[in-house]
Amino acid sequence: MLEHGATTLWEHWEFSDNTYSHNHPMFGSVSEWFYKALAGIQPAPDAVGFNKILIKPQPVGNLRWVRASHDTVRGKVASAWQNVEGKFKLRVTIPANAYALVYVPAEDADQVTEGGQPAATAPGVKFVRLEGNAALFAVGSGEYEFVAR
């Protein structure tokens, strides 16, 4: 698909000149997985118009980076991460009139910084708890850069 200039998923795997549609939702669930799982952008279960956001990236295999955004009624939500040289860097954008719970892959909150300082004491960031293999932080609207060792 990419070799033929595709910018959307096609309704079949092979290119064909006599196919009328090269934009089909048949593989749409794959696209959803990119946003919800890899980038981790999700509305909270009780959210109304993305007023409560979950950023819960799920790095897999040897994938080194992901970048995604979603335009909501409140503004753009963005999540971009890279996993390089033993550090996980996560950049997050939360729109006005919204807040987020951000899951940062780490075994301990002390391993996480935001804006170059310990995340648990960074302005606008509140450590919530450890959950599974992630430190969970609450943030308001704005831009944040978390780094975990």
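The following legends describe close-up views of side-chain contacts in a predicted model. Local features require pLDDT of at least 70 and side-chain atom pairs pLDDT 80 or more, whereas totals for chains, interfaces and linings use all residues. Residues are numbered from 1 along each chain as its sequence is written, and side-chain values use heavy atoms, with hydrogens and water left out.

**View A. The ring pair of Trp 33 and Phe 34.** The structure holds 5 aromatic pairs. The ring centres of Trp 33 and Phe 34 are 5.7 Å apart and their planes meet at 50 degrees, so this pair is classed as tilted. Rings of Phe, Tyr and Trp (its six-membered ring) pair if their centres lie within 6.5 Å; planes under 30 degrees apart count as stacked, over 60 as edge-to-face and the rest as tilted. Trp 33 is partly exposed, at 41% relative accessible area, and Phe 34 is partly exposed, at 39%. In these terms, buried means under 20% relative accessible area, exposed over 50%, and partly exposed in between (1.4 Å probe, protein chains only).

**View B. An aromatic cluster.** Phe 127, Phe 137, Tyr 144 and Phe 146 are linked into a cluster by ring pairs.

**View C. Lys 56 over the face of Tyr 103.** Lys 56 lies at 4.7 Å from the ring centre of Tyr 103. A charge sits over a ring if NZ of Lys or CZ of Arg is within 6 Å of the ring centre and within 35 degrees of the ring normal.

View D. Glu 32 is partly exposed at 39% relative accessibility, and Lys 36 is partly exposed at 37%.

**View E. The salt bridge of Lys 52 and Asp 46.** The side chains of Lys 52 and Asp 46 meet at 2.9 Å, N to O. Lys 52 counts as partly exposed, with 22% relative accessibility.

**View F. The salt bridge of Glu 131 and Arg 129.** Here the N to O distance is 2.7 Å. Glu 131 is partly exposed, with a relative accessible area of 27%; Arg 129 also counts as partly exposed, at 38%.

Conventions. A salt bridge is a side-chain nitrogen of Lys or Arg within 4 Å of a carboxyl oxygen of Asp or Glu.
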